[in-house]
Every structure is written in structure tokens, then in C-alpha cells.
Amino acid sequence: MIIKYYEDRVEIENINDFIPRHVFDCGQCFRWTEEEDGSYTGVAYKKVVNIGMFGDKLVINNTNKQDFDNIWNDYLDLTRDYGRIKSHIDIDEHMHKAIGFGRGIRTLNQDEWEILITFIISANNRIPMIRNAVENLSEKYGEEIGEYRGRKYYAFPTPQAIAKANLEDIRNCKVGFRDKYILAAAKHIEKNMEWLYSIKEFDYEAASRELKKLKGVGDKVAHCILLFSMGKYSAFPVDVWIKRIMTTLYGDEIEGNGIGEFASSNFGEYAGFAQQYLFFYGRENNVGKNNEKRSKMK
DNA sequence: CCACAGGGCGGCA
DNA sequence: TGCCGCCCTGTG
């Protein structure tokens, strides 16, 4: 990995296991949009950047050395050896296929607060609507952080900004019945910032228990927060897609002990990475969807 | 107009 | 403890 710094961008040569579409479209983030050249533009940590892969060169536009060192290197998980992880979870032909299909996925290291609210919104919701709600919230309550390629961008709102809002205005951002969970979470986090940001120091079970004290955070949402913002890579979020995929691929093996047990005994500390490959592979290929439709027809 | 997709909560065994 | 009706919004 050779890093070259320029005034307005950073280029990283000889990088493996990074494909923008896999990274930004695998369900872990909702604020990145594809440009015509296949690169993605988005906001994180109050900065707008554009990220593209050209050959084996990763280009981060609209940034500099300081931000790369402080933010993007970690956010994009560039220091992790994904080859090693893949070999650990490549346990059979299904995983081999899924890993091959989503070979360019990396697990982003996102902000705890942003992920908390985003995944509260994700409950019983679909990806385009989650994206829409997050954008609405950011435009309404987030700081304007500048223009890029002719478009205005907004930071994700602070807990303080949302805590001050009223319920109806939050609802108008198209968050639906989750409005009260968002407001309650903001009010709680505003007064207990250290609480949220210290959860990652707890062990996996304790961290999950802490998160579930918040309304709107159940098992699945807690696992997403742990995996996407707290580096708890043994988390294996189970949503309807993962249920479908796992019952289709591993029907007999998950009978009895369940999906979570299957994941932890087969993938262990790397379960979260396995979930990412399985989710992306299953979603993009509609794994299990056809069977379901057929069984619903009479 | 209706069916459907998609997690968590709260009430009730 | 487990089950079930309900909560919203956009799309087909």
C-alpha cells in the first residue's frame, strides 16, 4: 500500500479488497451516492469526500493528508488485512461464493451516534426510505458543510440539535413511528455522551445490553450498532434477508440452535464480516426470494 | 384501492 | 418466556 498525498486528494496504490460499490452498497451506510464514473460521494465526520477505485488505485477526492490520517484511514478500515479474514470464514462452497461475490466489501468504522439513529430508523424499514429519512434529518438539523460538484452537503445532526427539535418536525422527516425513539435517544445521549462512547469498551454481551436500554433498539439494531460503529466483529445482525439466506443455504444446520449459534460457532470473532458477505450476496441475487414466492402461491 | 416490505414494543397468555 | 397485533411510508 503506497499512499500519495496531494493538496486536494489522497491516492493509495496497490490496494486489495476495496470496491466502492461493495463497500457503500452493502447495507452498512446510507449517505453515499454513486457518481457517473462509479465513484461514490458522501458525508462522514462532517466532511464531504468522493471515493473511487481506478485500477488498483484508491482515490479520495476533496481531502488532504490530515483528514486522511485522522478520519479516512480508519473510517474505510484500510489497515485491516481482509485476505486473512476471508480465509478464516471461507468454510464451505456457500461462503466461498459469497466472499467472491462481495470481495470488495470493507466494514466501515462509523460514528456511534450516527449509527444509533440511522439503525433505529432502519427498523421495519427499507433502504431507499432509510436513506431518504437520514438525508431529511441532516438537511433539517445538520450543519451545512459546503458544496461539492454543485451539490450542498450537510453533516449528520448532533444529539443537541435533535434533542431541541419537536416530535412533529422529526416525524416530518419521514421517520414514521420511530420519531419518539429518535427524540428520546437524542435527549438521553445529549446528557450522556460518555455513556454512548464508552460502550465499545464493554464486552460484547454487556455492550448489547446497554444499547438495548434505548427504545427502538432491539437485538438486530443493537448488533448493527456493535458491528458498524464499535468494532464488535463477532456481532451477526439477523434481519429478514439474513433469515432467508441462512435458511436457504444452511436450512438443516440452523434448525434447533438457530442462526446466531451457527454464526458464532462457525465464524466466531469474524461473524460480522461473514454477515456482510452473506447479506450482500443474498440481496443482490435474491437468494431465497423465489422459494418464498412459490410457497406463498396456492 | 389494496398488498406488501421491514424490527421492536407492549399486552396477554 | 413466547406469540401476536400494531406502528409508518413508499411502491407496484
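Which residues point one way from strand 4, and which the other way? That was my starting point today, working from a predicted model.

**Strand 4, sides.** I found Y40, G42 and A44 on one side, with T41 and V43 pointing the other way. Every one of them is buried. With five of its five residues buried, strand 4 is largely enclosed by the rest of the structure.

**Strand 4 and strand 3.** Next I looked up the partners. Strand 3 runs antiparallel to strand 4, and three bridges join the two. I see W32 standing opposite G42 here. The pair makes a hairpin with five residues between the strands, and G38 in that turn has a positive phi of about 90 degrees.

**Strand 4 and strand 5.** Strand 5 covers residues 47-54 and pairs with strand 4 over five bridges, again in the antiparallel sense. G42 turns up here too, this time opposite V49. I noted another hairpin, with two residues between the strands and Y45 in the turn at a positive phi of about 50 degrees.

I went back to the loop between strand 3 and strand 4, where D37 sits. Is D37 buried, exposed or partly exposed? I put it down as partly exposed, because its relative accessibility is 44%. D37 also belongs to a patch of negative charge on the surface, along with D25, E34 and E36.

**A look further away.** Last, I checked R244, which lies in helix 13 (residues 240-254). R244 has a relative accessible area of 12%, so I wrote it down as buried.

Definitions and conventions
Residues are numbered from 1 along each chain as its sequence is written. Chains are lettered from A and ligands numbered from 1 in the order in which they are written. This is a predicted model: local features need pLDDT of at least 70, side-chain atom pairs count only at pLDDT 80 or more; totals for chains, interfaces and linings use all residues. Side-chain values use heavy atoms; hydrogens and water are left out. Patches are made of residues with over 30% relative accessible area and no salt bridge: like charges are joined within 9 Å, nonpolar side chains (Val, Leu, Ile, Met, Phe, Trp, Tyr) within 5 Å. Accessible areas come from the Shrake-Rupley method with a 1.4 Å probe; for residues, only the protein chains shown count as cover. A salt bridge is a side-chain nitrogen of Lys or Arg within 4 Å of a carboxyl oxygen of Asp or Glu. Lys and Arg count as positive and Asp and Glu as negative; His and the chain ends are not counted. The place of a charge is taken as NZ of Lys, CZ of Arg, CG of Asp or CD of Glu. Helices (H or I, at least four residues) and strands (E, at least two) are DSSP runs, numbered from the N terminus. Buried means under 20% relative accessible area, exposed over 50%, partly exposed in between (1.4 Å probe, protein chains only). Two strands pair if DSSP finds at least two bridges between them.
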